[in-house]
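Visitor: Could you walk me through this one, starting with the sheet and then going on to a side chain?

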Amino acid sequence: MTMNERDTRNDETAFHIASDGNSVPLDESGLRTSRISDVDPVVRHGVDLVSIERIASLLAEFGESFRCRAFTASERAYCEKRGTPPQHYAARWAAKEAFCKTLDAESPAIPLDSIEVIRERTGPQLRLEPPAARALDKVLDRRNIPPETTDIAVSLSHDRSAEYAIGSVTVFGVETASTDQ
């Protein structure tokens with residue numbers, strides 16, 4: 001499986017969280033099976049667990065080629081300044097994969113270096129370059145979610161003793177009423 005292919009073995013059921021806190025499963029097209037209100041928040045969530053050792057092996061085997069294909073220059077600079085770069089690369093890899101899981105199955109494969117994990121004072125954030133931004137925009141458009149109502153939350157963690165890094169990405173948006181009759 002390549003970096004951008006989806007693992008169809010996972011049970012990935014998407015849910016719509018209504019303003020009253022109840023969840024409604026989405027059907028296979030990603031649409032709710034029943035309409036709750038015209039301003040309910042929509043949540044898309046992805047999570048990925050990565051072996052730090054696997055990323056260390058890829059870094060050792062493919063070196064700069066792998067780094068440049070999967071990470072931006074600022075991500076590489078950040079990770080290389082750390083005492084244990086592989087764990088920081090692994091956390092960023094996990095966040096990128098988690099973002100890809102927030103997209104629809106029919107979304108095109110996107111280059112991982114078009115998703116950048118940046119460090120802000122408030123914590124990690126994503127910066128999306130055009131290929132990743134277009135893929136997200138298509139998902140939002142299919143769900144009648146204006147981009148200006150959207151926010152993305154990112155969480156990263158790594159544990160050297162367990163040798164795993166995790167990335168979690170949540171896309172929040174507010175669906176508007178459809179004008180289709």
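Guide: What follows covers a sheet, the helices on it and one lysine.
Guide: This is a predicted model, in which local features need pLDDT of at least 70 and side-chain atom pairs count only at pLDDT 80 or more, while totals for chains, interfaces and linings use all residues. Residues are numbered from 1 along each chain as its sequence is written, and side-chain values use heavy atoms, leaving out hydrogens and water.

Visitor: In what order do the three strands of the open sheet come?
Guide: The order is 3-7-6, with antiparallel pairing; strands (E, at least two residues) and helices (H or I, at least four) are DSSP runs numbered from the N terminus, and two strands pair if DSSP finds at least two bridges between them.

Visitor: Which strands stand at the edges?
Guide: Strand 3 (41–51) and strand 6 (151–159) do, and because each has a single partner strand, one side of each is left without a neighbour in the sheet.

Visitor: How many bridges join strand 6 to strand 7?
Guide: Nine bridges join strand 6 to strand 7, residues 164–174, and among the bridge partners Asp-151 goes with Phe-172 in strand 7.

Visitor: What does helix 3 touch?
Guide: Helix 3 (residues 85–101) packs on the sheet and touches strand 3, strand 6 and strand 7, where contact means heavy atoms within 4.5 Å.

Visitor: New topic: is Lys-96 buried or exposed?
Guide: Lys-96, which is found in helix 3, is buried, with a relative accessible area of 0%; buried means under 20%, exposed over 50% and partly exposed in between, using a 1.4 Å probe and protein chains only.

Visitor: What lies 2.9 Å from a polar atom of its side chain?
Guide: For Lys-96, that is the backbone oxygen of Ala-70.

Definitions and conventions. Axes fitted to C-alpha atoms, helices over the stretch in contact; angles between N-to-C directions. Polar contact = N/O pair within 3.5 Å; in protein donor to acceptor, adjacent residues only side chain to side chain.
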